[in-house]
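Here's a quick briefing to read with the model open beside you. We'll go strand by strand first, then out to the domains and cores.

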Amino acid sequence: MTLRVSALRFERDPFTLGPLDLEAQGGRMVVLIGPSGGGKTTLLRLLAGLEAPNAGTVTLGDTLFSGPSVFVPAAERHVGFVFQGLALWPHMNALAQVRFAGRSRKKDATELLLRAGLPAALHKRLPGELSGGEAQRLAIARALAGRPRLLLLDEPLRSVDPHLRDGLQRTLRALAHEGEHPTICVTHDREEALVLADDLIVMAEGRILERGQASELCRKPKHAFTARFLLRAGILPLQGLGTKRGCPLGSFSVPEWVKGEAALALLPGDLKLSQPSQGSGTNKAVLVPVLDRHFDERGWLLEVDLKGQALSVLLQPNEPIPDPGMQVRIQLSRPPLVVQTNGESA
Amino acid sequence: MQGSKTFWILLGLFVILAILPLLYLFFGSFFPEGSFSMEAWRKILSTHTERIQLLHSAVLGGLATLFAVLLGGGTAWVTERTDLPFARVLGPMALLPLLFPPIVVAMSFADLSTATGLPVVALLLGVSHAPFAAALTARGLRSIDGRLYESTLLARGRLRAELFLFRQCVADLLAGALLVLVFVLSNHGVPEFFSVKKKTWFVYSEAVFLRWSAPGKPGSLRAAEAIASSAPLLLFIGVALLVCLRARRKGTLVTMASDFRPLPRRILGRGKVFALGFALILPLLGILMPLWRMLLWSAGSTANFGVSMHTAIGSFRRVATELMGDLGYTLGMAALAGGLLVFIALPLAWEAAKRRPWIEALSLIPLAVPGILLGVALVRLWNDPHLPLSRFYDTPVLLISGYATRFLPLGVLALANAARRLPTSFDEAARLSGRGPIMRWLKIQGPLLLPTAVSVFILGYILSLRELDLAVILPPGNDMVSRRLANIVHFGNEDVGGALAVLLALGAALPIMMRILLTGKAGRADL
């Protein structure tokens, strides 16, 4: 079963989504990642039939959900949906929720709850009596209760404590892979997206900026936004046009696929402190002010300002740690990624 | 589509019950003697008496509202905002004065004290209607997120935080005050009672009643004058209600799914004793005083031979043998009115909350019109032999419809608020499971709105029991207990009256007690 979205457009002043295309295969999880307000939830609601698009088509398998003069109501789409706030009915216990959603027998509902990881002792509890993680598992079970042809998850782990996330992520992956339905998950959490995604789509301002396998997008993002959002890279614009473009750190070859403006995506490890004698030719050293410094699992990181762009420099273990306000020389320690800064990357 | 049809049918019913009688009355006032005349309208506020009546009403309404806000709003504040002991009991107890009709509270007070005059009437009406101010202020305080208060407290200090709190709940406080004002201005029983005891003044609702009940045809100029003279007050109340509704809509909405933290409670310290005494004023004046006096009446305190248990038993026995029919009729009428109120208000409120907010404003009309005038309008319309409604003129249908219409705005407001608190995603989740609208109503929205619907039923039931204006005007109201109690003023028979009043209060408390027994909660309706 494959979900196909073509030229989908939705307008509600002042927000516009699309036009966008999308494909999701059965038994795989597609994760939509991007900042809040980027249109991810709206896209899910359009797929579920909770909103009607202005243009474009949505097809699941052989069924046309929406298209010119066609709109299948939400109740007839057989879509499972885990809402952002879970939307668990407060007056129904866990078992009743699953039974009502799936019109299922008690035995089937119990089995589904167990599969979702909710122990039998909790099946008679109301949502208000469940912990965040338990409520999340109930919401997942309820979404699966009607044997959905498409599973949509809107920030499914948002209210879950970090120590419970691993287990829930495993459950979500297993449930997505064992069925024939495509699963689309929305998140703005980078770690969650990387763990869950078979295919990753980066969205911002109602548009898809980049798509591909999670590992591929992390290794070689093509769009500056992807590099910044997924890898927390600093972006340094490249000047000029053509295949060779420059910036204060040197000049760089721009790949053919870059259409329009390009930039360097600089990870903390891409930059190092340099000595006055070092740096020349294509790898120039630049004097920059230190804005801030902090420590994380990679070591000490300096935040420096290069022509108005904040960049991170990873210090070597024994290097002295400059104070904010000091001037330091920096240069590239390895060839950086070149990314596109506008439009959708191919 | 089905739901939409039901909505339009019920809206039509509402128009027939509430709007049509008033329009009929309004247009009728232009044809006082069968031909077109503006005479009645030209006379608005033209006489000194009329201006005095209006002034009396305004002063009485203002003062009674002030008392109600001080007592009701204050009690809500100490029970919701402070660490007052027994706050969970004292909060709901502030609503108990609704159990006795205001006329009974007035009679009990007159039994204790010879004091009379404007401040006394205002105080008694204030106490009787203070539960509205208490309920709405408490609702306002409960819906403020404590974190907003705390952030203001940390940023700007205690005074600013309290001011912020006041601003947040002022719309609810005003709504409560306005409800008190509306009911006080409508009340003609208590001012009349004190006028009978000692002629002090004459208020507007009494004037409408007297003009209407004066000898002459219903379509006479005098009756038309009664209608026209109400216009200024009606206009004022209508505009005030609309402003209040708008102000309340601006507030933040706490949905059932919202992340919410209640307001922190202030430590009272030594002030606890004072606060406890203050929180007891309303239950003492509004319920204990009338209960005590009515029990004494039933025991023969007004008779020459003194109080005795034997007399009390005799009084209750007389009620059981002679007046049980009236009491049963009264409770039955009130219960049916409460049921009809929920039946009409629920779909209207749902539409108001989800699609058509104008319905809320429309539903306020019966509240803006004084009860006595609504009664007159119902009589005029239902008594027109040319209309099919006249078939029901002498039947309980008129009374039940009258009560349900009168209190419909409260039902619509409470249920619309409850419907707004249901997150849209609850229904969306049910829609995605493929369930149809009826099943979604039965299983999701219905059960979630049920507690409020029960509260609205109880409110309609209790208010119908204490409503005097409609009982006096509408013929099927002759046997209502509230009317019999008011007649004691003129005809005596206090021992039986006392027993009847006590039984009426018990009857009023019946659904609340049943609810507590069944659910363990007293429940509340966010008007």
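Which residues point one way from strand 8 of chain A, and which the other way? A:Leu150, A:Leu152 and A:Asp154 take one side, A:Leu151 and A:Leu153 take the other, and all are buried (20 or more other C-beta atoms within 10 Å of a residue's own; 12 or fewer is exposed and in between is partly exposed, with C-beta atoms placed from the backbone).

Some housekeeping: this is a predicted model, where local features need pLDDT of at least 70, side-chain atom pairs count only at pLDDT 80 or more, and totals for chains, interfaces and linings use all residues. Residues are numbered from 1 along each chain as its sequence is written, while chains are lettered from A and ligands numbered from 1 in the order in which they are written.

**Strands in chain A**
- Strand 8 (residues 150-154) has five of its five residues buried, so the rest of the structure largely encloses it; strands (E, at least two residues) and helices (H or I, at least four) are DSSP runs numbered from the N terminus.
- On one flank, strand 8 of chain A pairs with strand 7 of chain A in the parallel sense over four bridges (pairing needs at least two DSSP bridges between the strands).
- Strand 9 (residues 183-187) of chain A also runs parallel to strand 8 of chain A, joined by four bridges.
- A:Leu153 turns up in both pairings: it is the bridge partner of A:Val82, and its own partner in strand 9 of chain A is A:Cys185.

**Where the chains meet**
- Chain A and chain B each put 16 residues into their contact (C-beta atoms, placed from the backbone, within 7 Å).
- On the chain A side, strand 7 (79-82) and helix 2 (94-102) are the elements giving two or more residues.
- That side of chain A has twelve nonpolar, three polar and one charged residues (Ala, Val, Leu, Ile, Met, Phe, Trp, Tyr, Cys and Pro are nonpolar, Asp, Glu, Lys and Arg charged, and the others, Gly among them, polar).

**Domains**
- Chain A splits into domain 1 (2-219) and domain 2 (224-340), with bounds from an automatic or database domain assignment.
- The C-alpha centres of those two chain A domains are 38 Å apart, and their contact takes eight residues from domain 1 and five residues from domain 2 of chain A.
- Chain B has domain 1 (1-31 + 324-490 + 509-527) and domain 2 (45-204 + 267-286), with 24 Å between their C-alpha centres.
- Here the contact takes 17 residues from domain 1 and 18 residues from domain 2 of chain B.
- Helix 22 of chain B gives the most to the domain 1 side, with five residues.

**Helix 17 of chain B**
- Eleven of the twelve residues in this helix are buried, including B:Gly371, B:Leu374 and B:Trp382.

**Nonpolar cores**
- The largest nonpolar core has 159 residues, with B:Val180 and B:Leu341 among those with the most contacts inside it (a core is a set of buried Ala, Val, Leu, Ile, Met, Phe, Trp, Tyr and Cys residues joined through C-beta atoms within 7 Å).
- Helix 14 (residues 309-354) of chain B supplies the largest share of this core, 19 residues.
- Domain 1 and domain 2 of chain B both give residues to this core, so it lies between them.
- A second, separate core has 111 residues, including A:Leu150 and A:Leu264.

Note on methods: Contact = placed C-beta atoms within 7 Å.
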